[in-house]
Amino acid sequence: MYDYDLLVIGSGPGGQKAAIAGAKLGRRTAVVEKRHMIGGVCINTGTIPSKTLREAILYLTGLNQRELYGSAYRLKDDITVADLSARTQHVIGREIDVIRSQLARNRVQMLFGVGRFVDDHTVAVTGPDGGVRTVTADRIVIAVGTRPARPSSVAFDGRSIVDSDQLLEMDQIPSSMVVVGAGVIGIEYASMFAALGSKVTVVERRDRMLDFCDLEIVEALKYQLRDLAVTFRFNETVARVDHHDGATLTVLESGKRIPADTVMYSAGRQGVTEGLEVGNAGLEADARGRIKVDEFYRTAVPHIYAVGDVIGFPALAATSMEQGRRAAYHALEEPVGTEMGELQPIGIYTIPEISYVGRTEDELTEANVPFEVGISRYRELARGAILGDSYGMLKLLVHAEERTLLGVHVFGTGATELVHIGQTVMGCGATVDYLVDAVFNYPTLAESYKVAALDAMNKMRAVQRFLT
């Protein structure tokens, strides 16, 4: 007889949903988590703080209203860290209360402390007071998440050289910043601090940023960031970072030198498995601390599952939630739908934001799939004029013969919300004709789907004239 039917290690998005799913199925369920980290990295140092910070920056700088009220418009001239953190801490506290309530309402027991495997059915939990409690479980879900990866050659001090977690704890807004790494996290923070007025330089060893995104969308983002005075150094590698009287000098292997108040490293994420002692359960983690799973999120030990960032790509809160639910269902022998397909939306909360679902033009071209492109630009929409967004755009990739949607790419205001319309159309297997014939509220940004659909339709009609 085990203490629990389902034990979840970690209370982030994946862990929460796994635990609640187990409880809804009437099983004895518990979650292991540090008392100060309820909600995991997502709530405390990752997704929620960074996205709240973004909204606070947009509001206080008045950036989105400058097309309407002039480039000098600003809600607050002297923006401080206190201004930004007040809203962030409020939202974090509220979200923690919501999670506590959900777990308590579903009778999920919280085991506060740090867990480690004793064997494949037993976990020892070291509490805040140092006491150790050992519990057993029939099924276990690992949802420990990740932390920022830190190159061993870099002397992080939490002030002038920081990672993405430490950036949220700075006591003042730097006047200049070097961001090392042009991945999602690096570009998100680069755009935020540029909006605050920091002089930002992005250093990336590859020849472009966000290489998994549509190239045209990325170029549009790059243009907007350069307008915020962001400098890009592609095909460059950092040789070292020197300290000079509280400031830094970043030296690139090419010989370039970049002075800045702060350097932020965005070098990917590392699975938090080193203290979990997964070897005692018959498991192993790779060099990045990630655990391998099958399509049901089972590890090499059939009754142990892993979900969320600790299993690697796509490492998104949204996908982690669904992984947690599916893992719990499968572990407890509850029927679950078909495996998660390719229609998972990707949202990048830069300023302006990007979101897409499906495939890119480059992927379709490489696969020799015939397609047509339909584009709608916000500046042609009444809602775009009302919002003061003249740069936004929505792109539809339509199969030239079957007329189905192959990809939806959005850039600008509300991109992460708009993309779900396209996701739904794609998931239902509808054609572009549905969007052409549909009626959208006016004035809205959603109307961009109809405009883009008509654009694609007209292009396909022009081609068809030559074939008949």
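This is a predicted model: local features need pLDDT of at least 70, side-chain atom pairs count only at pLDDT 80 or more; totals for chains, interfaces and linings use all residues.
Tyrosine 69 is exposed, because its relative accessible area is 56%, whereas tyrosine 73, with a value of 28%, counts as partly exposed. Another pair brings together phenylalanine 156 and tyrosine 265, whose ring centres are 5.7 Å apart and whose planes meet at 70°, so this pair is edge-to-face. Phenylalanine 156 belongs to the loop between strand S7 (146-148) and strand S8 (161-162), while tyrosine 265 belongs to strand S15 (residues 262-265), and the pair thus links distant parts of the chain, 109 residues apart. Both phenylalanine 156 and tyrosine 265 are buried.

Arginine 35 lies over the face of phenylalanine 112, at 4.2 Å from the ring centre, and arginine 325 is placed over the face of tyrosine 329, at 5.2 Å from the ring centre.

Charged side chains also meet each other, and a search of the whole structure finds 23 salt bridges. In one of them the side chains of glutamate 353 and arginine 54 meet, with 3.4 Å from N to O. Glutamate 353 lies in the loop between strand S18 (346-348) and strand S19 (354-358), and arginine 54 lies in helix H3 (residues 47-61), so the pair ties together parts that are 299 residues apart in sequence. Both glutamate 353 and arginine 54 are buried.

A further salt bridge joins lysine 395 and aspartate 214, at 3.0 Å from N to O. Here, too, distant parts of the chain are linked, since lysine 395 is in strand S21 (residues 393-399) and aspartate 214 is in the loop between strand S10 (199-204) and helix H8 (215-227), 181 residues apart. Lysine 395 is buried, with a relative accessible area of 0%, and aspartate 214 is buried with a value of 3%. These residues belong to a network of salt bridges that links Asp214, Glu216, Glu361, Arg377 and Lys395.

In another salt bridge, lysine 459 is paired with aspartate 455, the closest N and O atoms being 3.3 Å apart. Lysine 459 and aspartate 455 both lie in helix H14 (residues 447-467), four residues apart, which is about one turn of the helix. Lysine 459 is partly exposed, at 33% relative accessible area, and aspartate 455 is partly exposed as well, at 24%.

Finally, an unreviewed UniProt entry lists residues 345-452 as "domain: Pyridine nucleotide-disulphide oxidoreductase dimerisation". Over residues 345-452 the chain is 34% helix and 27% strand, and the end C-alpha atoms are 19 Å apart.

Terms used: Residues are numbered from 1 along each chain as its sequence is written. Side-chain values use heavy atoms; hydrogens and water are left out. Buried means under 20% relative accessible area, exposed over 50%, partly exposed in between (1.4 Å probe, protein chains only). Rings of Phe, Tyr and Trp (its six-membered ring) pair if their centres lie within 6.5 Å; planes under 30 degrees apart count as stacked, over 60 as edge-to-face and the rest as tilted. Helices (H or I, at least four residues) and strands (E, at least two) are DSSP runs, numbered from the N terminus. A charge sits over a ring if NZ of Lys or CZ of Arg is within 6 Å of the ring centre and within 35 degrees of the ring normal. UniProt positions are given in the numbering used here, feature names are shortened, and annotations may be inferred rather than shown by experiment. A salt bridge is a side-chain nitrogen of Lys or Arg within 4 Å of a carboxyl oxygen of Asp or Glu.
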